Amino acid sequence: MLTLYNWLSFYEKNYVCVGRVTGRFYGEDGLPTPALTQVEAAITRGLEANKLQLQEKQTFPPCNVEWSSARGSRLWCSQKSSFNSSLALASGSLKHACHRLILQFL
């Protein structure tokens, strides 16, 4: 839905509206149909979810990973990352087990 919203935003900025197509989203009277209302509600929910996701990434940045043929894999996380925050809640032995498990997949 958000992809459609982004396309529509682009379209509205760059093109002049000359009318509406009668069908699923607009009736013959030019008014929105219930289907359009549902789509707009889904877009609103999607925008809110994106906003929350961005806020969460600011609070708990994701960990980073890189790979090179010379050095192999490397994983690092900031002190604020969600991975470090969840490990802080774990006991010492569980914390080390989690580190080993993650490194095993790299």
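1. Fold order. From the N terminus on, the elements of the chain run α-α-β-β-α-α. The chain has 4 helices and 2 strands. Helices (H or I, at least four residues) and strands (E, at least two) are DSSP runs, numbered from the N terminus.

2. Basis. This is a predicted model, in which local features need pLDDT of at least 70 and side-chain atom pairs count only at pLDDT 80 or more, while totals for chains, interfaces and linings use all residues. Residues are numbered from 1 along each chain as its sequence is written, and side-chain values use heavy atoms, with hydrogens and water left out.

3. Of the 106 residues of the chain, 11% count as buried. Buried means under 20% relative accessible area, exposed means over 50%, and partly exposed is in between (1.4 Å probe, protein chains only). The chain exposes about 9000 Å². Carbon and sulfur atoms supply 58% of that area. Accessible areas come from the Shrake-Rupley method with a 1.4 Å probe; for residues, only the protein chains shown count as cover.

4. Contact range. Take contacts in the chain between residues at least 6 apart in sequence: 23% of them join residues at least 24 apart. Contact means heavy atoms within 4.5 Å.

5. Nonpolar patch. W7, L8, F10, Y11 and Y15 make a nonpolar surface patch of about 550 Å². Patches are made of residues with over 30% relative accessible area and no salt bridge; like charges are joined within 9 Å, nonpolar side chains (Val, Leu, Ile, Met, Phe, Trp, Tyr) within 5 Å. Y11 has its place in helix α1 (residues 2-14). Y11 counts as partly exposed because its relative accessibility is 35%.

6. Aromatic pairs. Rings of Phe, Tyr and Trp (its six-membered ring) pair if their centres lie within 6.5 Å; planes under 30 degrees apart count as stacked, over 60 as edge-to-face and the rest as tilted. The count by this rule comes to 3 aromatic pairs. One of them joins F10 and Y15 edge-to-face, at 6.5 Å centre to centre with 75° between the planes. Y11 and Y15 form a stacked pair, at 4.8 Å centre to centre with 20° between the planes. W7, F10, Y11 and Y15 form one aromatic cluster.

7. F10 has 46% relative accessibility, so F10 counts as partly exposed. Y15 has 47%, so Y15 also counts as partly exposed.

8. Salt bridges. Side chains of opposite charge can pair when their charged atoms come close. How many salt bridges does a search of the whole structure find? The search finds 2. A salt bridge is a side-chain nitrogen of Lys or Arg within 4 Å of a carboxyl oxygen of Asp or Glu. The side chain of R71 meets that of E66 at 3.7 Å, N to O. E66 also meets R74 in a salt bridge, at 2.9 Å, N to O. Salt bridges that share partners join E66, R71 and R74 into one network.

9. R71 counts as exposed because its relative accessibility is 59%. E66 is at 34%, so E66 counts as partly exposed. R74 has a relative accessible area of 35% and is therefore partly exposed.

10. Charge over ring. The charged end of R74 sits over the ring of W76, 3.9 Å from the ring centre. A charge sits over a ring if NZ of Lys or CZ of Arg is within 6 Å of the ring centre and within 35 degrees of the ring normal.

11. Strand β2. G72 lies in strand β2 (residues 72-76). G72 is partly exposed because its relative accessible area is 23%. Leaving aside neighbours within four places in sequence, G72 is in contact with E66 and W67.

12. T33: buried or exposed? T33 counts as buried because its relative accessibility is 13%. Neighbours within four places in sequence aside, T33 is in contact with G23, R24, F25, Y26 and G27.

13. P62 and W76. P62 is partly exposed, because its relative accessible area is 47%. P62 and W76 are 14 residues apart in sequence. In space, P62 and W76 are 9.5 Å apart, C-alpha to C-alpha.
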